[in-house]
Structures are given as structure tokens and as C-alpha cells.
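The sequence and structure are shown first, and the description follows.

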Amino acid sequence: MFLKHRSEPLELRIMRYLYLRMRLSSKEVNRYFNLVKGYIGEQKFDVWLESLSNGWIILNDLLLEINNTIFQIDSLLFSERSIYLIEVKNFEGDFYIENERWYTLAGKEIKNPLDQLDKNESLLRQLLQELGISASIKPYLIFVNPDFHLYQASMNLPIIYPTQLNRFFKRLNEEPPFLEREQLKIAEKLMSLHLKDNPYSRIPFYNYDQLKKGTFCYSCHSFDVELLGNKIVCNKCYCHEDVEAAILRIVEEITILFKDQKITTNVVQEWCGVIGSKKTIRRVLMKNFRQMSHGMHSYYIK
Ligand SMILES: [Zn+2]
């Protein structure tokens, strides 16, 4: 049972908008693609989670804080006896371990993902202690990409490889799942402590004028789209979207990028590009939002 689902991280959404609408440094572009890859990996893992029996409580994507340290957990699974702390990685290619350090096959050292798992385990333990909860934590680093291989790893590391996922979940399903209300209470407590905004997300500086305006295709993200009747049609991938859906998507994007920006017909028109008709935009806004004041100074809120 999913007590908390995963949704696309805000940081990833903002980075996508910026990637499409401004020039990012190569470092920022790398960071964006790493976020995309990480999220795809987590979604792959969620498909596996769905195979767990209903008795399991699942908390996905938690942001917690203890002693002024914020930490993010990909998944927590509650069984009768233990809490599984899961860190998901979507690494691709060949890697090796030497003296507890991790390298790509080309010899470039990378951050040891087990360090992060250790740190998260310690922080979660401290948090549970502070809450007066005693529970055994089982940490696992899970690799979901079938094109991943790790050389020279010792057998007793808390790692699950793609080829072991099937058996890992089979084993979990054989464990007695949580039955006690106590476990549910712990999960609900942790969920209530979830922080909404990650103050450490690294978003590059941007401003309103600097961003390229226009509608991009919802599927392939190309700006090469045109308006045909009441559809936005992509000239790259040929998929189409209702104008209303496209306008609502753009309004959402504006409010995510600029929290204080008033949603007016003019602003939305500026961002919509090919959907040039003020009449259409006003109709969609009036249908989906509440109009505040009238005439020149009218704007819309949810
Ligand atoms: Zn497209």
C-alpha cells in the first residue's frame, strides 16, 4: 500500500523549463540530465514496488530533517520487523570498486553511493530515536538499469543488482508484512515530517525576460509546433494536444517559475506563442480560474 507516492520533483521540472527556455552551462545541462535519469530510475523501481503484497506500507520520496541536516530518502518499506531504507540508482555502464572507492571503467572516480546510504541510515536512526521509536533499519542500494555492471564488489555489500531484483521482491513478499497498527503510526509520523521544499536544490539564476517564450510540444519538447483548429500539433513528433490543455500547462509553468507573477491574459498570451488568440486564452482562464477584478487590471487565481 502506497502511503506516499512519488511525483516529479519540483527541481527537475524547473530545470526542464530552464533547459528548454534558456542557455545553461554544460555543468547545469549535465545536472539536468542526471535528474532526468535518476527520476526514470525511481519510476522503474516503483513498477517493482507495485508487485509487493498489499500488506506493505510504502513511503516514496521523503525529505526529512534531523539536527539541521536535511536528507532525502527514495523509498521506505515497512514490514512487521523492519524498515527497509532504499536508495535507487539508475547507473549505466561498467564501474569498479577499488579500496572502497568507486570508479567508471575509464578510471574517473565517482561519489561512492554507499556513503550516501550509510549517511541516510544514520540520520534516519537518529530521527527514529528522537521520536522514541525503536525499529531495525535494513538499508539497500538498488541498481535498476540492466546495462549496469560493477566489478570487484564484495559479496556482502547491501547492493541489489538488476538481475537480483526479481528474487529480492520475491523474498520481500515472503516476509510477514506489517500487521500492527504501530507500523502504520510510524509511517504516518514520518510522512507528517516530510518537508515540501528542498532548500538545497541547485537551481541556476534566471529572470523573466531572459526566458524564451512560446509553446513547446508536451511530448518531445520541440518548439516547432503549430495551431490547427483547437489543437497544437508538433511538427517533429506529430503528436497533438488540445489548446485548453496546452494553455493550462503553460499557466502552471509560469506559476512554478515565477511564484509572484500575476496570471493575466497578456502574460499568458506572451508565453503561449502560436496560440495567439486573446479570446481563446481568456475563455480558458475564465473557465478554469477565478477572475479577480475587471478590465485592464484583471488577473486570475486558482
Ligand atoms: Zn513533439
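## The start of the chain

Phe-2 is partly exposed, because its relative accessible area of 21% falls outside the range under 20% that counts as buried. This residue belongs to strand S1, which covers residues 2-4. Phe-2 and Glu-50 are separated by 48 residues in sequence, and their C-alpha atoms are 8.7 Å apart in space.

## The chain as a whole

The model described here is predicted. The chain has 302 residues, of which 45% are buried. Its secondary structure amounts to 8 helices and 15 strands. Along the principal axes, the C-alpha trace spans about 65 × 50 × 35 Å.

The UniProt record, an unreviewed entry, lists residues 37-147 as "domain: NERD".

## Packing of the helices

Two packed helices are described by the angle between their axes and by the distance between those axes. Helix H1 (residues 10-21) packs with H2 at an angle of about 135 degrees, and the axes are 10 Å apart. That angle makes H1 oblique to H2. The crossing in which H1 passes H2 is left-handed.

Helix H2 (residues 26-49) also packs with helix H4 (residues 165-174), at an angle of about 45 degrees and with the axes 11 Å apart. H2 and H4 are therefore oblique to each other. H2 passes H4 in a right-handed crossing.

## Loops between strands

Most residues other than glycine have a negative phi. Asn-67, although not a glycine, has a positive phi of about 45 degrees. Asn-67 is located in the loop that joins strand S2 (57-66) and strand S3 (69-78). With a relative accessible area of 54%, Asn-67 is exposed, since exposed means over 50%.

Asn-99 likewise has a positive phi, near 50 degrees, and is a residue other than glycine. Its place is in the loop between strand S5 (93-98) and S6. Asn-99 counts as exposed, at 72% relative accessibility.

Ala-106 is found in the loop between strand S6 (101-104) and strand S7 (109-110). This alanine is exposed, with a relative accessible area of 77%. Ala-106 and Asp-94 are 12 residues apart in sequence, and the distance between their C-alpha atoms is 8.9 Å.

## The zinc site

Which residues of the protein donate to the zinc ion? The donors are Cys-217, Cys-220, Cys-234 and Cys-237, each through its SG atom, and they lie 2.3 Å from the zinc ion. The angles among the 4 donor atoms are 104 to 115 degrees, and the site is tetrahedral. Four donors count as tetrahedral because all their angles lie between 85 and 135 degrees.

In sequence, the donor residues follow the spacing C-x2-C-x13-C-x2-C. Cys-220 and Cys-237, 17 residues apart, link distant parts of the chain. Cys-220 is in the loop between helix H5 (181-192) and strand S11 (225-228), whereas Cys-237 is in the loop between strand S12 (231-234) and strand S13 (240-242). Are these two cysteines buried, exposed or partly exposed? Cys-220 counts as partly exposed at 34% relative accessibility, and Cys-237 counts as partly exposed at 31%.

How values were computed: Residues are numbered from 1 along each chain as its sequence is written. This is a predicted model: local features need pLDDT of at least 70, side-chain atom pairs count only at pLDDT 80 or more; totals for chains, interfaces and linings use all residues. Side-chain values use heavy atoms; hydrogens and water are left out. Donors are N, O and S atoms within 2.8 Å of the metal (3.2 Å for Na, K and Ca); water is not among the atoms, so sites may look incomplete. Four donors count as tetrahedral if all angles lie between 85 and 135 degrees; four count as square planar and six as octahedral if opposite donors are over 155 degrees apart and all others between 65 and 115; anything else is irregular. Helices (H or I, at least four residues) and strands (E, at least two) are DSSP runs, numbered from the N terminus. Buried means under 20% relative accessible area, exposed over 50%, partly exposed in between (1.4 Å probe, protein chains only). UniProt positions are given in the numbering used here, feature names are shortened, and annotations may be inferred rather than shown by experiment. Axes are lines fitted to C-alpha atoms, for helices over the stretch in contact, and angles run from 0 to 180 degrees between N-to-C directions. Angles under 35 degrees count as roughly parallel, over 145 as roughly antiparallel, 65 to 115 as roughly perpendicular and the rest as oblique. A crossing is left-handed if the near helix is turned anticlockwise from the far one by less than a right angle, and right-handed if clockwise.
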